[in-house]
Amino acid sequence: MNEALVIFLRDTLITSGVAVMILFGFSRAIGKMWANNLIEKLKHNHAIELEKITKELQRESDEKLTSITHEFEILKNTHLREHSDKLIIYRTAMELVATMLAKLELIVMEKRPPLTDIELETFEAERLRIYAYLAMLAPQEVMDANDNLTDLLLEVVHQNKQTDWITIRGLALKLINSMRRDIGLNKTPIQYNGEL
């Protein structure tokens, strides 16, 4: 009987072992299937979330790009308008300087008498007009160059200061060169290479 019991237990254990193995295999397959389903669901949810984040970032990026582009256009137009205004102001100022220098050159070279009262009044109006024009947009470098030229011209006109045309022309060229640097036409300074 002992032997029959042993056989029974052995067969029961074998059957139970097979059943356990089957259950283990079945539960493993189900677990794997659930895990795969869970992973697919997570992947799907992450893909949706990623697409949402991507769209939001793209929208923000587009808005910022539009804003930057708009600001750039405003700055560009402002700069172009300022540059155009400077060209007009500098041309106008230099026309007035040229008119003043034409008379003063003759005085300095002693080819004409000092300015008449009417010419003095015109000189004062022109120098103030030049200063006002330049003060609108010119940087300090241009203003300083203008001040240096104007101070010498005032001394010549009002105090009969003796100077030479080379000094006046040098100060006028410094004014022109400072304007050229400011508007970026050509940063290389010009100089007088003539003989007089």
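A residue is classed as partly exposed when its relative accessible area lies between the buried class, under 20%, and the exposed class, over 50%. This scheme is applied below to a predicted model.

The protein has an average pLDDT of 85, and 91% of the residues score at least 70. Confidence is lowest in α1, with a mean of 81, and highest in helix α3 (residues 140-159), with a mean of 94. Where pLDDT is low, the predicted coordinates should not be read in detail.

Ten salt bridges are present in the structure. Side chains of opposite charge can pair when their charged atoms come close. One of the salt bridges joins Lys 43 to Glu 40, with 3.9 Å between the closest N and O atoms. Both residues belong to helix α1 (residues 2-108), where Lys 43 and Glu 40 are three residues apart, about one turn of the helix. Glu 40 has a relative accessibility of 47% and therefore counts as partly exposed. Lys 43, at 53%, counts as exposed, because the exposed class begins over 50%.

A further salt bridge is formed by Glu 82 and Lys 86, whose closest N and O atoms are 3.8 Å apart. Glu 82 and Lys 86 are separated by about one helical turn because they stand four residues apart in helix α1. Glu 82 is partly exposed, at 34% relative accessibility, whereas Lys 86 is buried, at 9%.

The side chains of Arg 112 and Glu 119 also meet in a salt bridge, with an N to O distance of 2.5 Å. Arg 112 has a relative accessible area of 22% and so is partly exposed. Glu 119, at 18% relative accessibility, counts as buried, because the cut-off for that class is under 20%.

Helix α4 (residues 165-183) was examined for its length and burial. The buried residues of α4 include Trp 165, Ile 168, Leu 171, Ala 172, Leu 173, Leu 175, Met 179 and Ile 183. Also among the buried residues of this helix are Arg 169, Asn 177, Ser 178 and Arg 180. Gly 184 follows α4 and has a positive phi, near 70°.

Definitions and conventions: Residues numbered from 1 in each chain as written. Predicted model: local features only at pLDDT ≥ 70, side-chain atom pairs only at ≥ 80, totals over all residues. Heavy atoms only, no water. Salt bridge = Lys/Arg side-chain N within 4 Å of Asp/Glu carboxyl O. Helix = DSSP H or I, 4+ residues; strand = E, 2+ residues; numbered from the N terminus. Buried < 20%, exposed > 50% of the residue type's maximum accessible area, 1.4 Å probe, protein only. pLDDT = per-residue confidence, 0-100.
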